Amino acid sequence: MKFNPNPQLLIPKLTALWAVSESGLGGLMHAAKIPFSGIFLGSFAVIIVSMIAFHATHKFKSIAQATLLVIIIKAIASPHSPIAAYLAVSFQGILGALIYQIFGLNRVSSVFYGILALLQSAFQKIIMLTLIFGMRIWDAMATFFNEIATQFNQSFIQELPFIALMVYSAIYLIVGVLAGIIGFNLPKSLIHYAKMLQIPKANIHQNTAKKPKSFKFIFIIFALIFSMTIFLFTGNSRDAIFIFIRTIAALIFFLYIFNPLFKWILQHWVKHIKSQRKQKLEEILSLTPQIRSNAELALQMSKSYTWWPKKLKNFLLIWLSLSLYYEES
């Protein structure tokens, strides 16, 4: 591989990086045993959008166009992705386009964007669970912890649901701040890192990581058992039957009615939009095989680090350097 910092290819390459992240990086992170992959993918989107804003002359247009292309590629490469994934990408892209167009790229706007993007990612999951289980699940959790508090005569346990929610929110908030800071600082320092990067002469091959098996069925069973156990534990058998019926009905609606309808609309929309943006789409798709290969090489080159934050940092720096500033000899 040779060093080639072509500025004209940076935005297409950043778009391709974002598309590869959304459609396949999760499997590679699973193979590398890196925890919190969902938080990482959200943070990575913040970093990529910030880097597009750094290199783009027309920030809103460039980011919005990149978002559209990522959604199309995601629909092509991962047609079975849940609706929430498309909503997350859309929100991250449009939010970044608006913030950077209005406020420009600076440390404050970047951190503000990181916080909003990560909090949306955090609470989107809670909103989806609430739609399935309804507010009664929170009442059930509060009742469950109150019952435990009474048995152990510990009043502080009654606050556990609230404390758990605060801790959960704080984690995403902190990560959002860090992602914003990295997104602002990284474009200026990455090219210097890329110049100093020592690439092994021998080609390193690694089998593509198998995608983790779907645990949808197990999750559904666990959710039902968890909900019913809470109500049965507190003696509310009628509520247990109600939540069971309500959950089954909600799951049937989302999995077999709303989700297939959404994907059918998305597929027809993608077919229509592909013809309009054929040239740019082909340009991005032509870059993705090398970027996937770079991700595997970056995993190999960062294997020497045992502490996962250090491994994650070096993987990200190596992967970005290879994908943005290097090309095959």
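Tutor: A residue is called buried under 20% relative accessible area, exposed over 50% and partly exposed in between, with a 1.4 Å probe and protein chains only. The model is predicted, with pLDDT of at least 70 needed for local features and 80 or more for side-chain atom pairs, while totals for chains, interfaces and linings use all residues. Residues are numbered from 1 along each chain as its sequence is written, and side-chain values use heavy atoms, without hydrogens and water.

Student: Why is Tyr326 called buried?

Tutor: Tyr326 has a relative accessible area of 8%, which is under 20%, so the term buried applies.

Student: What makes Phe3 partly exposed?

Tutor: The relative accessible area of Phe3 is 32%; this lies between 20% and 50%, so Phe3 is partly exposed.

Student: Why is the pair of Phe3 and Tyr326 called edge-to-face?

Tutor: Rings of Phe, Tyr and Trp (its six-membered ring) pair if their centres lie within 6.5 Å; planes under 30 degrees apart are stacked, over 60 edge-to-face and the rest tilted. Here the centres are 5.5 Å apart and the planes stand at 70 degrees, so the pair is edge-to-face. Phe3 in strand β1 and Tyr326 in strand β2 are 323 residues apart; strands are DSSP runs of E of at least two residues, and helices are runs of H or I of at least four, numbered from the N terminus.

Student: What makes the pair of Phe315 and Trp319 stacked?

Tutor: Their ring centres are 5.8 Å apart and their planes lie at 15 degrees, so the pair is stacked. Both residues belong to helix α11, 4 residues apart.
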